[in-house]
Amino acid sequence: MPSLGRRHFLKLLGLVGSASLTGCSSESPRRLIPYLNPPKDVVPGKASWYATTCMECQAGCGLWARNRDGRVVKLEGNPAHPVNRGALCARGQAGLQGLYDPDRFRGPGEKDGSGVFRALSWEEAFSKAAMELKGLLSRGEGERAVFMTGLLTGSLRDLCIKWVEKLALGGLVMYEPLSYEPLAQAAQKVFGTWAVPHYSMEKADLIISFGADFLSTWISPVEYARRFSEFRTPEEGKRGFFVFFGPRLSQTAANADMWLQVRPGAQRYAALALLKASWKDKEGEKAPWPGSAHLEAFLEKWEEETLLSKAGLKREEFHFVRKLFQRSRRPIVLSSGLETVDPHAHETAWISHVLCSLKKESLELIDVGRGWSVASAAKRSELLSLRDKIESKEISLLLVHGANPVFSFPEFEVLEEAVRKGHLKLIGLSSTEDETTSLSSLILPASNFLEDWADVEPRPGIRGIVQPVMGTVFDTRGLGDVLLELTRRLIPGDPLGHYSFDGFLKERWKSFHEELGIPGGFDSWWAEILRRGGQWVEPSSSKRCEVASVSPPMEWASDEGGQGFELLAYPTVQFLDGRGANRPWLQELPDPMTQITWGSWLEIHPQDAERLGISNEQVVVLKGFGGEAEIPAYVTPLTIPGVLSMPLGQGHTSFGRFAKGCGVNGWKLCSRGANHVSIQPRALKVKFANTDGSLSQHGRGLAQGMDLGEYQEAKSKGQLPKLRLPLPEAYDPKEDFYPPHKHNLYRWAMVVDLDRCIGCGACVIACNAENNVAIVGRELVLQGREMQWIRIERYLEDHPLKVRFLPMLCQHCDAAPCESVCPVYAPHHSAEGLNNQVYNRCIGTRFCSQNCPYKVRRFNWFTFTRPKPLHLQLNPDVTVRQKGVMEKCSFCVQRIVEAKNRIRGERRTLRDGEVIPACAQTCPTEALVFGNLMDPESRVARLSRDPRAYQVLGHLNTKPAVIYLRRLETRREDMAP
Amino acid sequence: MKLLPLAGIVLGAASFLLGIRGEDPSRAWGSYLVNLVFWMGICMGSVTWVAIMNMTNASWGRPLKRLAEAQVATMPFLWILVALLYAGHRSLYIWSTHPVHGKERWLEADFLFGRDLLVIGAMTLVSYFLVHQSVRADEEKLLGGDETSVRLRWRRQILLSPVLGILYGVGMSVLAWDLIMSLDPHWVSTLFGGYYFMGGLYSALAWLAVLSFLFHRREGIQGKIDGSVFHDLGKLLFAFCLVTGDFFYSQFLVIWYGNIPEETKYVILRVKTEPWNSVAWVVLAGAFGIPFLALLSRKLKMSPPLLGATALVVLGGMWLERFLLVVPSVGARGQIPLGWAEVGVAVGFLSLEIMCFRWFMERVPWLPVGDPLFEKRWGSLSGDPLEVSGHLPGSNKGGKVRG
Amino acid sequence: MGIFTSLGQLEEAIPLIERKGAKVRTVYSPIDCREILQKVGVRKTSPVRFATLLGGLAGLSLGVGFAIYTFLEWKFVTSGKPTPPAVPLVVVGFEMTILFGFLSTLLCMLFLCGLPRLRGSQGYDPRFSKDRFGLLLECDRAQREEIEISLEQAGAEEVRVLRTRETSQ
Amino acid sequence: MKDWQASTPKSYSEVQEMILGALSPPGRSYWGAVILCLFGLLYGASCWAYQILTGMGVAGINHPVNWGIYLVNFVFWVGIAHSGTLISAILYLLRARWRTSIARAAEAMTVFAVMIAGLFPFIHLGRVWIFYWIIPYPNQRDLWPNFQSPLVFDFLAISTYLTVSSMFWYMGMLPDLAALRDQSTGLKRRIYGIFSLGWQGTHIQWRHYGTAYLLFAAFATPLVISVHSVVSWDFALSIVPGWHSTIFAPYFVAGAIHSGLAMVLTLLIPMRGLLGLQPLINVGTLESIAKTMVLTGLIVGYSYGVEYFMAWYSGNMFEWDTFIWRAFGHYAPQFWVMVVCNVAGPLLFLIKAIRTNLIWLFAVGIIVNIGMWYERFVIIVGSMSHEYVPHAWGVYSPSWVELSIMLGSFSMFLFLFLLFCKFVPPVSVFEMKEHLWTHGKA
């Protein structure tokens, strides 16, 4: 980093960078000593937290980064941040592994024709890059160079635009594979604004989703998951009802009260049928909307019967939904806005917008004015024209940062050809190698967002600050600084007015400071901003959004008469579009629905499988518009007959060691619109590295449900659940041979609300990060040796097909079977009821794991290691286990200890919520609650008195300290009008 | 004198009938069941023991053969008594009034008593044939019948013995499950059957020890049942004491360690809750502790009266043990239902046994003279005490290995 | 010292010789023949049993006692079981009883047999471990011939005189 | 019981010559076999070394099947170890005469089997280099093993059993070693001299020896029962469906004796031929073993049956599922092998022609050995792979390392037994002599 910026930075934060430049102190204690006068916020052995913002996807969740001895070891949600309110998704948690990605560029360099990488100094790199540009500029061919970035917001975006203008380049293209363009386009038509609307779901009373997986990947999953769980919470009287139309029982659909099976291409018909049926009971007749006439005419054209048959819906089911819609006062209708999920996303989006408009109050829940910044990503048309320009050699230089079209935009394969032919040069500014950057001849690697300055503006009014939370891991520089440096080399003087990007950033914030008219000086405010993690104003009153026009689209695309199966490719919880594929944590995170790790699969319905003689794990050849691929078939009822589903994000060719050789790239197969494919079974099988031993729970009642009506009745009666709590009073002399034992002050326990758990798996990754849980790789997962301490068990139940998620972790039983069988006391009961596992004492008999009815103990089959610099992420507070030792969830005992140290001296006990384990901390829906069961007022104690409370395998009388709350189920007839 | 047993039976019947007429019939039925299972163990056990001795060529215990065989006479009455139990199953077995889900078919009165009577009947018949053969053989021998038929009868005994052995093992298990374990239809212990038939053999031996003490001086068998026989009998009793203790502990430890309510409830009720825990301690002492310590001593084993006394303690302990298995499940919380009524019923059963025994012994030769092993051992008696206890093939603890 | 081929003869010889006033020092035999003990007038059963009893009791108390001590040392609660628990200690006590009882028996036996002994004692003949029986007597010079004769009469296959301290004058 | 005397040597010297004659210098083929076994042993050992260096991962075990064939072999060998003490101690107390000729070999078998069995828990330890933490040795931090852990019971029981059985064996050999000493010359004499502890066979020695031996037997008998009960409690004390069962202790003891007797047949039938001991170890003896096996087989069968009945009767879904899965699930073949070999196999012995025919005896011996190995496999692996939580179900199959170590264990066993045959009197000389004596009198 430029020294000046450094100094600015130091003033503000005090030497975080340099501290980390001295490296990872806890790796070798000696390094700790040289701090002659330790900087104020890097106290060796003590963690310091920095507020910043997540840039793993465009949702822009607020972060708190935990810095220990100069390196970030944990990311957590920023509780103050309006988007994620302290929670974080699996990908956000795994942001660290992006920072410590062993396959990142170590520093600038260049590639010769044969693709051999040669390291350069920044000086050389800059001059080479400058030369490239100069060449064009001097010839006045600036527009032959185009700058392609990922979706940028805030200052960085400003800078890039300025930069492009200044150098008069061909333009700035912000490429975002999941741009939800159809939504914006439809919003343009209906509401008159090009925007991806934002929904306040919690206020709705009915949610209808046409394939929008808003609980796993859609736009801003963490926020929407939170709002959804609020929408669901029965406490506020009425419990919202959620209907999901779609071809696949996705993780989101699994949480719906009702799943209506519709083929991908037919989702628009389902929506249209609903619109036709509900149009007449539209509210607010007074102001007839423009285009109403057209719309009525259009609807006339369709017979409900034809629509239903096209959509393949059962009439009574449809009418049930229709009645719900009719009755509801504030329904929200969502649609996927992804052509890989719905080839006619545009139409579906348009209809769903119109459907929302039908209810006055609904319009208050839709925020178009403050829509998602993702709408500003490059439109498909722009991308295509860029592609044409490249083909027609109008463009000779492409600077790429954080965009990977070659992987996720099949049309951009032309790039490779152009580069090979030599009429296109690429300069890579991305921090990691990917399919696109690997084409570039010159590489000036930008820093990871955790090493750099920026600000993020996911929605107008929300400005999250991004600040370096540690020094650079490798010899990289912030994108802004790189651009500024380049300008300086091209144009004499200081054209953009700043030597370093943080200066530029600060100036921009100065202007905010002025326009917001905040009292007091800037510096204090700025410090405040840095502490808070940004600045945001909640809309005083969300203004009702106006309907511009409801006239139907000019062209209503006809059903393409493709034969064979319809292919559906969905973004995944782990990798989204594929950007997370080189993160071992995410690779080993079992897919919520299939529980498969390390690889991709093709979901096919048992009927079809039988018809084609395809067995599970059998490889099939998939022929489609987009090409051909071999992929193992996963025979499952998760996808409907006639439809094949596959996850996106796998099948990288050059994206690092962990992504290598994992699965198939779905993007290549489903080019938009025409997503019909044919499949050919092959006489070959590939084992899935799945972690589930069984699809169903065989009626064992591990994951239980409860009828809403019964629940409300029980609650009103004040019924108490029958539990064997891990407390002395629970020892019944009639059935317990053992005397009760006391705990001192605390009895730690956890409550898991199955009604809130959506199965996203964020907790798993959070636990990995916090507890140094080893990643074992595909081979060992196949042998059943995964190490995760917490797992989300997925159980299917048929007729009607539904899914139950059951987070399973050590239950810290009060009479834990694992303890007494150990010959050396390695596991034993702490005074606070924890089931401690003493690694040093363990000799590896594995009897404890054998005798654990929950099978949550994990044995170190080998000494697992992490390729550098991934090891820098290890949490110094937690032992790294060696081979031959048993391990398991510890309720994050290190956090309990830390909390106790914190309050040492203030003569008091820990208050409820002062200790939160990593899993509970990150849960977007607060499904996990942790606390002290001995305090009758603690949340866990109160929840354990809820009629929904039960214990998994409670009959074994092990008195587990993890108490589950039954999932609530709304009976159809209760909802029926 | 002759009528004493009859009087006893009448007394027993009377006190029992009063009981079932009384306010708490289940209590009467309880004590009825206790004695029933107790004597069933003894009678079936005795004859089975003879069978085991036959199989293992144990010649030392031959003089006791007939005393043990005598119990066959009681078996038919046991059959009848079990049949009578049917009348009381409603007040005994909770499952007959509240069927247990999943077990309705197995725990169904008619089927249950049907199969149990079948089992007892089978055991009775086989025992009868066995005893018949051995008695006949002796009579023929005494009447100087031809050797060949005597041999033949011995061969038959050798063939019948294993049959009875197997039948005993399986049959007694079934009876244990049905008559005792199902009193608490939710409780299971896989070893329970084995535990019951081991206890049966144990008490049978004790009973035999008592008998041999009573009659070892009697005219005719005098001198045949000598110190060495008592010594071996004592050792055998000791062995069974250990095995019974082992079986008890094997069950108890496993259930204690698992602490799974569906298993523990039954045990805790009996060993850890008032008033039963006191009974449990008495049982432990009577059936295991005292005999264990006593039988360690060689002298005691050699002396008929002392051994007889120890055997009585064992019998008392085993009776209480059955009592503890049955009664706590049959209503009767609060205090221990052990009053004159129970004594009466017990006396009744005892008298029945005595009557049958007497009736049988009056009609048969007291010594198994027709038994080749008896000849081999007692035919040529070289009064050398070493020889007696000494190096001869065959085993006196055959029963133990067979356990 | 007389060497016999059969145990029977030896048995008969013993009372004969004793009547002559000689004392039996040792009887060598390849087998354990309890009759001889009687003839020689030694009780069959040996004091080893008491060592066994003591050893057993020591083992029992030591095993259980030590186990209880270890439980009280840390009072670790495992599986909610009491510390110290009564039921499982039965096993510990049992095994220790066996072990100590056995070892004490062994040692006591070796001690009483004077084993291990390094040098063969006087009069021992290798044949004794095979098929010969030896009868070592002690007597005055005067009786010597007489006894030798009677030994031969008794059927001794060989008679020899060992000039041990006791026998010589 | 008379026929056993047929063609037995009539005089002490004959007995002694016959038995010690078996120790005549072995031939080339013998040494070949020894070397072969030694290699097998070394191979197994090196595989273990490899496992220690790399981690338990080289074995096939996983979650949920944390215990693989290491423990299968452990239980198997402990089982083998049982017949030895049964035959020599219990039958000694029962004065069953047929024991005498085979006791020595059976005891040797016991000792070697226990040694091997004792190894397997260590092989199976994740961190064997600190195995001694299971021993209650005094240490500064006053850390002791947990005396209520079944594994500590195990440790106590096995070590006691090893001590007792080996000492019992050795003491039984004392007079014979003396005989060997007196018979041999030179170095051999010195060696045997040392081991015979200078035994002379004076009446004093015989007196104490006799009593002590009786007491040894009296100790060994309950011990042998307790040891396998303890082994069974390694499983029964857990709450794993299919393990947590009260019948386990007697059931395992019977099973152990079953397999042990089978192994006796497997070993003695060749041995008596090779060493020319037919007259001493005659068919009558083997027949008695066969008869006992019928009984143990029946007990084992009874246990299988009772377990199924109770699993059903208990109405406990988890139990019942486990047992159904055992019979029809992934491990069904192993299960049926077990049932057929262990229960049906020995029933053949009801036919006299079969139980007096050497080939059949040998064959059934092998069959039962296989069956008993699979019984342990079915119990251990079959229960663990299908426990409470369906999500955690999984199957296991042994890796090459595990199989190699198993091979090593068998080599070790044969290796030791071969040495035994040639360097120690394979049959108790003095007891045979005693029989001659008593028999002569009777």
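I began with strand β23 of chain A, residues 618-624, and found that this strand is mostly covered, with five of its seven residues buried. I keep in mind throughout that the model is predicted.

Next I looked up the pairing partners of β23(A). On one count, strand β26 of chain A, residues 676-685, runs antiparallel to β23(A) and is joined to it by six bridges; within this pairing I noted that V621(A) stands opposite Q680(A). I then turned to strand β24 of chain A, residues 627-635, which also pairs with β23(A) in the antiparallel sense, over six bridges, and here I found P632(A) as the bridge partner of V619(A). Between β23(A) and β24(A) I find two residues, and the two strands form a hairpin.

I moved on to chain C, whose secondary structure comes to five helices and four strands, and I read the order of its elements from the N terminus as β-α-β-α-α-α-β-α-β. The radius of gyration of chain C is 26 Å, well over the 15 Å that the globule rule gives for 169 residues, so I record the chain as more spread out than a compact globule. For its C-alpha trace I noted spans of about 80 × 30 × 25 Å along the principal axes.

I also checked how chain C is covered and connected: 51% of its 169 residues count as buried, and among contacts between residues at least 6 apart in sequence, 80% join residues at least 24 apart. Its accessible surface comes to about 7900 Å², with 59% belonging to carbon and sulfur atoms.

Last, I looked at the charges of chain C, where the mean positions of the 21 positive and 18 negative charges lie 6 Å apart.

Note on methods
Residues are numbered from 1 along each chain as its sequence is written. Chains are lettered from A and ligands numbered from 1 in the order in which they are written. This is a predicted model: local features need pLDDT of at least 70, side-chain atom pairs count only at pLDDT 80 or more; totals for chains, interfaces and linings use all residues. Side-chain values use heavy atoms; hydrogens and water are left out. Buried means under 20% relative accessible area, exposed over 50%, partly exposed in between (1.4 Å probe, protein chains only). Two strands pair if DSSP finds at least two bridges between them. The radius of gyration is taken over C-alpha atoms; the globule rule is 2.2 Å times the number of residues to the power 0.38. Contact means heavy atoms within 4.5 Å. Accessible areas come from the Shrake-Rupley method with a 1.4 Å probe; for residues, only the protein chains shown count as cover. Lys and Arg count as positive and Asp and Glu as negative; His and the chain ends are not counted. The place of a charge is taken as NZ of Lys, CZ of Arg, CG of Asp or CD of Glu.
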